[in-house]
Amino acid sequence: MSIVIIKYNAGNVYSVQCALARIGADAIITDNADIIRNADKVIFPGVGEAGAAMHHLRQTGLDKIITSLQKPTLGICIGQQLMCSHSEEGNTECLGIFPDKVIRFQQPDNTFKIPHTGWNTVQITAEKGIIPQEMNDAWVYYVHSYYVPVGSHTTAVTNYISPFSAAMKRNNFYATQFHPEKSGDAGSRILKHFLDL
Amino acid sequence: MLAKRIIPCLDVKNGTTVKGVNFVNFRNAGDPVELGRQYSDAGADELVYLDITASHEGRKTFVDLVRRVAANVSIPFTVGGGISCVTDVDTLLNAGADKITINSSAIRNPQLISDIANRFGSQVCVVAIDAYQDNGNWECYLNGGRIPSGLNLFEWAHQAQERGAGEILFTSMNHDGVKTGFATTALKTLSQNLTIPIIASGGAGTYSHFYDVFANAGVDAALAASIFHFKEIEINLLKDYLVKNGITIRQ
């Protein structure tokens with residue numbers, strides 16, 4: 001099985017590659033269109049700013065390659081946000097795989113800190129998402145200031161200020177707002193589940 | 001609910017973990033990668049690695065260490081020590097660090113906070129502050145607590161937030177290494193005044209100190225070093241205690 005991690009300017013790519021190696025999977029980090037198109041599994045990670053990331057994806061043509069993928073594809077963090085139609089961060093038009101719009105957390109008061117940083121639990125709300133059913137209420141690691149509201153493609157939610165999309169799915173596209181590559185054993189199980197799809 | 005975080009801090013010199021009492025008298029506490037993995041297994045929520053090596057050779061050793069930590073540890077980790085420009089940050093993030101922490105260099109050049117936040121996002125930028133309370137005033141110190149800066153803790157923390165810091169890591173020099181509890185009053189003020197997460201550091205000696213800083217100061221995370229390295233406090237038992245006492249903790 002060939003596993004590809006998409007290389008672009010909003011990468012946390014090495015961490016993702018390390019996490020896959022820990023579960024015995026070799027992944028290639030590349031921005032080569034042919035290799036990405038022919039991969040069995042594609043991971044679209046991300047840390048950074050939505051506007052700059054989308055600009056880079058358009059310039060390199062990676063935007064069209066990602067949206068045309070047929071094999072299981074997993075967006076992580078900014079990856080999930082870029083798969084939506086629009087992000088409030090930098091007022092950015094995104095890939096539109098999910099019709100949802102990404103918005104910024106609004107703090108009711110200083111007891112809710114932004115970024116949402118640390119470990120929180122996921123509640124599974126739909127079947128056949130990226131998180132195995134028996135992992136309901138698992139702890140996963142977050143660090144983000146923007147989020148996808150709960151919508152028709154949401155498969156798991158986390159509650160911070162209000163419930164938001166922890167995980168999403170549409171056809172062959174999967175996404176998590178949390179970082180499975182940094183979520184300890186729970187994260188490893190989720191990544192393994194993705195590789196087993 | 002978002003969990004309160006327990007963070008062991010590993011000071012690294014020439015590839016080995018060390019921890020001082022009140023910033024001097026270093027004692028050896030083992031291999032940093034192995035320690036990190038043990039902490040992760042014991043339930044640590046994040047790790048912090050601080051490079052206290054001054055030499056150029058030592059810096060290269062530290063980047064190699066960051067790479068090995070990324071390969072072997074499955075929880076987030078922050079690295080710091082000697083970061084003075086965006087290029088240093090780029091090198092460490094590429095080696096697999098999740099966040100970086102800056103201290104003296106941010107005081108000398110506050111623009112560095114903005115530069116890091118703009119380039120990599122606020123979430124990677126942890127601003128660490130060492131401060132000492134004297135006559136009621138909390139003054140920030142540079143160079144590992146050796147040089148007074150003239151800056152007030154609360155004013156500097158607020159400025160760091162406005163410039164794009166993603167978290168504040170505050171160490172009370174009065175409390176560090178003394179094991180009589182965290183600087184709860186100052187931490188509570190920071191927590192109430194800032195919109196970003198606060199990591200408490202300095203003074204942890206017992207389970208109840210951690211309870212106190214979460215329940216009464218409202219901080220998001222608590223950091224300690226020697227009490228974990230020398231197993232005076234076991235992280236899994238600490239977490240059991242906190243859960244029993246109603247603190248939201250990942251287990």
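# Notebook: helices and strands in chains A and B

**Entry 1, helix α5 of chain B.** I began with α5 of chain B, residues 111-120, and found B:Leu112, B:Ile113, B:Ile116 and B:Phe120 buried. Looking down the axis of α5(B), I saw that its buried residues fall within an arc of 105 degrees, so they line one face of the helix. I noted for later that the model is predicted.

Next I asked what covers the buried residues of α5(B). The cover includes the chain B helices α3 (86-94), α4 (104-108) and α6 (153-163), and also the strands β6 (99-102) and β7 (125-134) of chain B. After α5(B) comes B:Gly121, and its phi is positive, near 100 degrees.

**Entry 2, strand β4 of chain B.** I moved to β4 of chain B, residues 47-51. Here 5 of the 5 residues are buried, so the strand is largely enclosed by the rest of the structure. I sorted the residues of β4(B) by side: B:Leu47, B:Tyr49 and B:Asp51 are on one, B:Val48 and B:Leu50 on the other, and both faces are covered.

Which strands pair with β4(B)? One is β1 (residues 5-13) of chain B, parallel, over 4 bridges. Another is β5 (residues 77-80) of chain B, also in the parallel sense and over 4 bridges. I followed B:Val48 across the pairings: B:Cys9 stands opposite B:Val48, and in β5(B) the bridge partner of B:Val48 is B:Thr78.

I counted 6 helices and 14 strands in chain A. Its radius of gyration is 15 Å, close to the 16 Å that the globule rule gives for 197 residues, so chain A is as compact as a globular protein of that length. The C-alpha trace of chain A spans about 50 × 35 × 30 Å along its principal axes. Buried residues are 53% of the 197 in this chain. Of the chain A contacts with a separation of 6 or more, 67% join residues 24 or more positions apart.

I traced an open sheet of 8 strands in chain A, with mixed pairing, in the order β2-β1-β3-β4-β14-β13-β12-β9. At the edges stand β2 (27-30) and β9 (123-124) of chain A, each with a single partner strand, so one side of each is left without a neighbour in the sheet. Within the sheet I checked β1 (residues 3-6) and β3 (residues 41-44) of chain A, which pair in the parallel sense over 3 bridges. A:Ile3 stands opposite A:Lys41 in β3(A).

Is α1 (residues 13-22) of chain A largely enclosed or left open? I found 7 of its 10 residues buried, so α1(A) is largely enclosed by the rest of the structure. Among them are A:Val13, A:Tyr14 and A:Leu20. The buried residues of α1(A) pack against β1, β2, β3 and α6 (184-195) of chain A, and also against α2 (56-72) and α3 of chain B. Just after α1(A), A:Gly24 has a positive phi of about 85 degrees.

A:Gly79 counts as buried because it has 26 C-beta neighbours inside 10 Å. Leaving out residues up to four places away in sequence, A:Gly79 touches A:Phe44, A:Pro45, A:Gly46 and A:Ala175.

Terms used: Residues numbered from 1 in each chain as written. Chains lettered and ligands numbered in written order. Predicted model: local features only at pLDDT ≥ 70, side-chain atom pairs only at ≥ 80, totals over all residues. Buried ≥ 20, exposed ≤ 12 C-beta atoms within 10 Å, placed from the backbone. Arc of directions from axis to C-beta. Contact = placed C-beta atoms within 7 Å. Pairing = 2+ DSSP bridges. Rg over C-alpha atoms; globule rule 2.2 N^0.38 Å.
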